[in-house]
Amino acid sequence: MTERVSRSGAPRSGPARSGGAARAGQARGGGAAARRGQGELDLDEVALDPKTRIIVCCGSGGVGKTTTAAALALRAAEQGRKVVVLTIDPARRLAQSMGLTELDNTPRRVDTGDSGDETGAADKGGELHAMMLDMKRTFDEIVSAHATPDRAEQIFANPFYQSLSSSFAGTQEYMAMEKLGQLRARDEWDLIVVDTPPSRSALDFLDAPQRLGRFLDGRMLRLLLAPARAGGRAYLKVVGASFGLFTRILTKIIGTDALRDLSSFVGALETMFGGFRERAQQTYQLLSTPGTAFLVVAAPEPDALREASYFVERLSEQGMPLAGLVLNRVRRSLAPELSAGRAEVAAAALDEQGGHATTAAVLRLHAERMTLATRDRRMRDRFTSAHPDVAVAEVPALPEDVHDLDGLRAVGRALSGERPTAP
Amino acid sequence: MSHPAPVWPQARLHVVTGKGGTGKTTAAAALALALAADGRRTLLVEVEGRQGLAQLFDTPPLPYQERRIAVAPDGGEVRALAVDPEEALLEYLEMFYGLKRAGRALRRMGAVDFATTIAPGMRDVLLTGKVKEAVTRVEQGHRVYDAVVLDAPPTGRIVRFLNVTAEVAGLARVGPIKAQSEGVMAVLRSTQTAVHVVTLLEEMPVQESVDAIAELRACGLPVGAVLVNMTRPPRLPEPALLAAAAGTVDAGELAAGLAAAGLAASLAGPLAAETVEHAQRWALEDENRAAVAALGLLTYELPFLSEPVDLGGLYALAERLREQGVGAQA
């Protein structure tokens, strides 16, 4: 039997009791649902609420974002919602965990088969679709949509475009936003679950549209375009000196050819300029509406929780709707009533008596496990004391990696606060 | 099995990568400490602007400047550097073109940010270029650093990050950037460099390591060792462990043992379940250990520390690397 650790010791309130109202409270961060149940987050209340249309899973690399996103999506689908999960992951982990061999830039229906109980997806009319972001293809599609065919060809052939569209920094985040906007515009799904790119910083995802906007709005762009604009004499006068310096240095470093490529790329970009900015802003707006829920995902490790803290602060600064924190891989003991200290003492006593080496080893194993469980609890408590309004859902550490639908279902149950079934 | 001879005993640049969450920064720091023993000097470099080294060593954020961050047991030292692409570009302009003030003007105009945004390959050349400069730096006829350890981007991005010539080839067909990238690449592909991969004995990190190693090899980048992080010894004698992995714990012995220790009999069930989980985890780790061994690379194990890693923990990890032969003088 596994005991669900509750910090308050109070019994958990039942799932989905206060559904919509709780969501509305959460939408502004730290609302009713977040405080209810002394900080326990029930994700059924978020994912099954018809008002929730988008869930964004964010957090640092390696904390289980992809698994969390897939588990939530599967659970919502099996409870009757039509769900698409968007993952951005070069290692194709979602593909592995969902038993798919191929994920491309379009959503594909996932065969969820028989879930083994009466809550199978088919029974409740839900559907699960999954897709993996193809960053370059998404970028190409935007170019095609915003430029004439000739112009688009020029852009595709430009080496700077090729570098920018296939690189990871920034572009991936922006394209994830773009794809999310596209999926939402199609309005075919009740719920879109997004897994964010494995950024060096969890914040890159939020910053990407603004950075791109700043970039496209930037002085540099205008400087590079300046020679192409006849009649901009007054403007050139102002920037003239620095512009001369800029081109001189650039020519020196990258050569005339590259400078010409860069200049023409920037010129081509400008034709799509408005479209880019508008779409980035629309998606950003979309994310700040109450139909969106951000989930910050972390593991009980200092680095991951530090990133989670930054993210929580940023979301609240920007008025983004935070549903709570998912804490993955939390170690728990199955016999919490026996402390690490007592187990150690008992093991030492057995060593002295002799003859019970196996039991002594079992007790030491338990002591180690209690120590780790205590450490994880302390990590969570530290986070909670810094962010008392953020509700937390814990997923216990599993002995094995999640790589099938049953594994995702087990994670889904933990996210909804269901007691894990006895082994 | 026939494998290429390990390349890295001659290496002076140690690139450390790994899947997110495997502890690559910790492993890089432990490696830098281990290599600094016997009075040597190493440089530990980070390039992702995360200030992970400052957090690990519990120091204020690192500037763009090489600072002593730790002392190795017998007189060696570890210096640390957080490379920032803007600073690296300014330094580059000053060093090669004497453009100090112009560089600052460019930064004020946002040119540096612009250049590194529009051409990420160029940013990577600046970062790896700075690393190469440290590796090859000579003062008064001596190498400044015996070894440079780079806390590199994670496995998903490592090949693109290191394969700088491919990244800038299309952008700059001639000129100094191209020459610069070729110089960097020559060092990265030489026996001076070893790319080490940090993994855990879990399925996905091992799979990503295997994939990354194949990609690195395909690009001609020299793969060094596999650093297996957070390993734990089995807590049970082998026969009991094997039985527990199969789901069986000797209930009679456990009941007798608990009674002898004066503990409640009701603990037997949960303790048996914990033992089975431990044994199953051990069995999975063993499978993953075999998958790592099949790579035919030098493999070093770093033990799991029950407390979050601090400086003391780093010394302990470095010592374990030393015991396994890391940093032994040829």
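This note goes point by point through a predicted model with a chain A and a chain B.

1. Conventions. Residues are numbered from 1 along each chain as its sequence is written, while chains are lettered from A and ligands numbered from 1 in the order in which they are written. Because the model is predicted, local features need pLDDT of at least 70 and side-chain atom pairs count only at pLDDT 80 or more, whereas totals for chains, interfaces and linings use all residues.

2. The two chains in outline. Chain A holds 17 helices and eight strands, and chain B holds 14 helices and 10 strands; helices (H or I, at least four residues) and strands (E, at least two) are DSSP runs, numbered from the N terminus. In chain A, 48% of the 423 residues count as buried, and in chain B the share is 52% of 330 residues. A residue is called buried if 20 or more other C-beta atoms lie within 10 Å of its own, exposed if 12 or fewer, and partly exposed in between, with C-beta atoms placed from the backbone. The C-alpha atoms of chain B fill a box of roughly 80 × 40 × 40 Å, taken along the principal axes.

3. Contacts within each chain. Two residues are in contact if their C-beta atoms, placed from the backbone, lie within 7 Å. Among contacts in chain B between residues at least 6 apart in sequence, 73% join residues at least 24 apart, and in chain A residues 24 or more positions apart account for 77% of the contacts with a separation of 6 or more.

4. Where the chains meet. On the two sides of the interface, 64 residues of chain B are in contact with 59 residues of chain A. Several helices of chain B give two or more residues each to its side, including α4 (100-108), α6 (120-136) and α10 (203-218), and α13(B) gives the most, with 10 residues. The residues on this side of chain B divide into 33 nonpolar, 15 polar and 16 charged, where Ala, Val, Leu, Ile, Met, Phe, Trp, Tyr, Cys and Pro count as nonpolar, Asp, Glu, Lys and Arg as charged, and the others, Gly among them, as polar.

5. The sheet of chain B. Eight strands form an open sheet in the order β3-β4-β2-β7-β1-β8-β9-β10, with mixed pairing; two strands pair if DSSP finds at least two bridges between them. The edge strands of chain B are β3 (67-71) and β10 (298-303), each of which pairs on one side only, and the twist averages 25° from one strand to the next.

6. Helix α1 (residues 24-35) of chain B lies across several strands, among them β1, β2 and β7, and runs at about 175° to β7(B). Helix α6(B) also packs on the sheet, touching β1, β2 and β7 of chain B, and its direction makes about 160° with that of β7(B). For these angles, axes are lines fitted to C-alpha atoms, for helices over the stretch in contact, and angles run from 0 to 180 degrees between N-to-C directions.

7. Two covered elements of chain A. Strand β8 (residues 392-396) of chain A is largely enclosed by the rest of the structure, because four of its five residues are buried. Strand β7 (residues 322-330) of chain A pairs with β8(A) in the parallel sense over four bridges, and L325(A) stands opposite V392(A). Helix α9 (residues 159-166) of chain A is mostly covered, with six of its eight residues buried, including F160(A), Y161(A) and L164(A).

8. Helix α11 of chain B. The buried residues of α11 (residues 238-245) of chain B are A240(B), A244(B) and A245(B); seen down the axis of α11(B), they fall within an arc of 135°, so they line one face of the helix. The arc is that of the directions from the helix axis to the C-beta atoms. These buried residues pack against α16 (357-386) of chain A together with α13 of chain B, while the face turned away carries the exposed residues E238(B) and P239(B). Just after α11(B), G247(B) takes a positive phi of about 100°.

9. A loop residue. Q192(B) is in the loop between α9 and β8 of chain B and is partly exposed, with 19 other C-beta atoms within 10 Å. The C-alpha atoms of Q192(B) and Q10(B) are separated by 6.1 Å, although these residues are 182 residues apart along the chain.
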